[in-house]
Amino acid sequence: MSVLLQTDTDQNILITKGAVDEMLANCNYFYTGEDRQLDSSDRTIQLARQKLIPFDGILTQPLNEPMKLSLLNLNNELNERGLRVLAVAYKVFSTPPDNLQTSDESELIFAGFIAGDSAIVCQKICQNIQLSVPSNGIVTSLDLDGASDSRISELARTGTIFAKLTPLEKSKIVRALKADDHVVGFLGDGINDANALIEADIGLSVDNGTDIARDSADIILLEKDLRVVADGVIYGRQTYGNTLIFMSPGHGDFIKFWEFIFSTHCICLVSIHTNTTDSIVDSEFAL
């Protein structure tokens with residue numbers, strides 16, 4: 001995901017985030033820090049600038065393969081500890097493109113790590129909650145790319161973890177489960193989750209999710225706890241059951257209910273009648 005920004009000094013900066021391995025493949029440099037406090041007349045700094053690429057006082061350095069491998073190893077270590085990691089990078093345009101293309105996300109400058117999506121992290125969470133994941137239970141975008149409908153249906157049935165999916169692939173998994181007579185709930189808070197939230201039987205989002213995710217969801221969670229969903233199901237069934245009992249002809253309140261409906265209907269009739277005769281006093285009394 002990328003966004004193009006313009007600074008106060010009219011500089012055009014493309015900021016991109018994504019999976020670490022995919023981002024590093026598109027990064028040629030990495031951020032090393034600011035250089036505003038350095039004296040540009042210093043011979044040492046002049047020599048350093050021959051190897052470093054300055055941008056508005058910010059220095060970057062070429063990102064070689066050993067450095068990329070080191071960053072990938074760090075990413076794997078963080079994943080195995082249960083931390084989700086995304087990479088953030090940027091690029092400077094002298095002239096901003098009219099329409100951003102995938103090709104614009106190249107020769108990026110690696111800036112650092114933030115929270116992100118990973119199959120390894122999902123495995124760690126499954127391990128913590130004692131949810132077994134079979135050898136064929138991890139499904140990624142590579143498995144779904146070019147897959148037939150029958151293959152997608154099979155992956156949806158056997159998969160436990162679905163990671164690094166595109167918005168369209170998320171929707172395909174949801175549709176495949178529904179076609180297999182499953183009632184599907186989907187929880188998401190980002191722009192990429194909107195389609196799947198709409199496709200699902202029940203779409204759930206959170207109050208601090210993106211606008212489109214909240215608009216696409218059927219339920220918005222106000223707490224970071226899925227148990228509120230289970231509680232809502234229980235209370236809903238209790239309410240539905242009590243309503244059926246109340247509406248049953250054998251129940252003592254059944255007659256009272258229809259008496260209430262009938263009396264309300266009569267009040268409405270009286271109100272209409274008095275209004276047509278311009279009887280203000282009677283109309284207020286009827287209401």
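Just after helix α7, aspartate 181 takes a positive phi of about 65°. Helices here are DSSP runs of H or I with at least four residues, strands are runs of E with at least two, and both are numbered from the N terminus. The model is a predicted one, so local features need pLDDT of at least 70 and side-chain atom pairs count only at pLDDT 80 or more, while totals for chains, interfaces and linings use all residues. Residues are numbered from 1 along each chain as its sequence is written, and side-chain values use heavy atoms, with hydrogens and water left out.

Helix α7 itself covers residues 167-179, 13 residues in all. From first C-alpha to last it reaches 19 Å, close to the 18 Å expected at 1.5 Å a residue; the expected span is 1.5 Å times one less than the number of residues. Its buried residues (under 20% relative accessible area with a 1.4 Å probe, protein chains only; exposed is over 50%, partly exposed in between) are Glu169, Lys170, Ser171, Ile173, Val174, Ala176 and Leu177. As for what sits over them, the cover includes α5 (141-144), α6 (149-158), β9 (161-163), β10 and α8 (194-199), with contact taken as heavy atoms within 4.5 Å.

Strand β10, part of that cover, also turns up in an open sheet of three strands, ordered β10-β11-β12 with parallel pairing. Two strands count as paired if DSSP finds at least two bridges between them. The edges are β10 (185-187) and β12 (219-221), each pairing on one side only. From one strand to the next the twist averages 25°, using axes fitted as lines to C-alpha atoms (for helices, over the stretch in contact) and angles from 0 to 180 degrees between N-to-C directions. Strand β11 (residues 202-206) is joined to β12 by three bridges, and serine 205 has isoleucine 220 of β12 as its bridge partner.

Then there are the aromatics: the structure holds one pair. Ring centres of phenylalanine 110 and phenylalanine 113 lie 5.5 Å apart with planes at 75°, so the pair is edge-to-face; rings of Phe, Tyr and Trp (its six-membered ring) pair with centres within 6.5 Å, and planes under 30 degrees apart are stacked, over 60 edge-to-face and the rest tilted. Phenylalanine 110 counts as buried at 8% relative accessibility, whereas phenylalanine 113 is partly exposed at 26%.

Zooming out, the protein chain has 12 helices and 12 strands, and 30% of its 287 residues count as buried.
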